[in-house]
Amino acid sequence: MKKFGFKKLFKLTMFCLVFAMTLSMLSCGSEQLLSGMHYAEMEIENYGTIKLELNADEAPITVTNFVNLAKSGFYDGLSIIRVDTDFVIQGGDGGTERPAKNIKGEFAANGVENNISHVKGTISMARGDDMNSASSQFFIMSADFTGLDGMYAGFGKVIEGMEVVDKINAEVKSEYDMGFLPEDAQPKIVSVKIVE
């Protein structure tokens, strides 16, 4: 039986490692993006259910990301972390315990056409200063504010349960800047289910 020398074993190990990494990168980069309309139901504890229509024709990357996160149970047990009265309710922050990957911002300022306007009931992706920093946090408009058009990736709308958004907007108040809520005041997201 032939003995493997250290150099040969090292080369073989490196080849296998590079091959595995290449396969992994190819499979990640070839993720199938969704198209058409998709539907989700978001249950908020003590408030009710918000039914959403998600438009993957306008925002395929964003909808695919949201659907994948929802299907994995990512949003279950998270919270509405911000209620900016008569503007937005915002949720879906997994923090350091549940990190999510950043995605490309699908809006005009980032070179992507997106015709979804930020009117009452629109669901859109929250982000930082970096245009490609959206990951899991979303916001639902509680009033029209088209000044966000072209700057944030709208990806759907509320089709049932707008009264849930209105009730949260009316009842949950914050003393903090931009409506961020202390943990004990955050409405809980029981679940987000995709209902194709």
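Predicted model: local features only at pLDDT ≥ 70, side-chain atom pairs only at ≥ 80, totals over all residues.
Q: What makes R82 buried?
A: The relative accessible area of R82 is 8%.

Q: Why is the pair D84 and R82 called a salt bridge?
A: The closest N and O atoms of D84 and R82 are 3.1 Å apart. The rule asks for a Lys or Arg side-chain nitrogen within 4 Å of an Asp or Glu carboxyl oxygen. The pair therefore qualifies. Side chains of opposite charge can pair when their charged atoms come close.

Q: How do you know that K120 and D166 form a salt bridge?
A: Their closest N and O atoms are 3.2 Å apart. That is within 4 Å, so the pair passes. The pair links distant parts of the chain, 46 residues apart. K120 sits in the loop between β4 and β5, and D166 in helix α3.

Q: Are K120 and D166 buried, partly exposed or exposed?
A: K120 has a relative accessible area of 41%, so it is partly exposed. D166, at 29%, counts as partly exposed too.

Q: What joins E41, K51 and E160 into one network?
A: Salt bridges that share partners do. The count of salt bridges comes to six.

Q: Why does the pair E53 and K157 count as a salt bridge?
A: The closest N and O atoms of E53 and K157 are 4.0 Å apart. The rule says within 4 Å, so this pair counts.

Q: What parts does this pair tie together?
A: E53 lies in strand β2 and K157 in strand β7, so the pair ties together parts 104 residues apart in sequence. E53 is buried at 17%. K157 is partly exposed at 43%.

Q: How do you know that β2 and β7 pair?
A: Four bridges join β2 to β7, which run antiparallel. Pairing needs at least two bridges, so these strands pass. The bridge partner of E53 in β7 is K157.

Q: What makes β3 and β8 edge strands?
A: Eight strands form an open sheet in the order β3-β4-β6-β5-β7-β2-β1-β8, with antiparallel pairing. β3 and β8 each pair on one side only, and that makes them the edges. Neighbouring strands of the sheet are turned by 25° against each other on average, direction ignored.

Q: Which strands does helix α2 touch?
A: Helix α2 packs on the sheet, touching β1, β2, β5, β6, β7 and β8. Its direction makes about 120° with that of β8. Helix α3 packs on the sheet too, with β3 and β4 among the strands it touches. The direction of α3 makes about 120° with that of β2.

Q: Why is S124 called buried?
A: S124 is found in strand β5. Its relative accessibility is 0%, under the 20% cut-off, so it counts as buried.

Q: What does S124 contact beyond its neighbours within four places in sequence?
A: Its contacts include H118, Q137, F138 and Y152. A polar atom of its side chain lies 3.1 Å from the backbone oxygen of A153. The S124 side chain also reaches the backbone nitrogen of G154 at 3.2 Å.

Key: Residues numbered from 1 in each chain as written. Heavy atoms only, no water. Buried < 20%, exposed > 50% of the residue type's maximum accessible area, 1.4 Å probe, protein only. Polar contact = N/O pair within 3.5 Å; in protein donor to acceptor, adjacent residues only side chain to side chain. Contact = heavy atoms within 4.5 Å. Axes fitted to C-alpha atoms, helices over the stretch in contact; angles between N-to-C directions.
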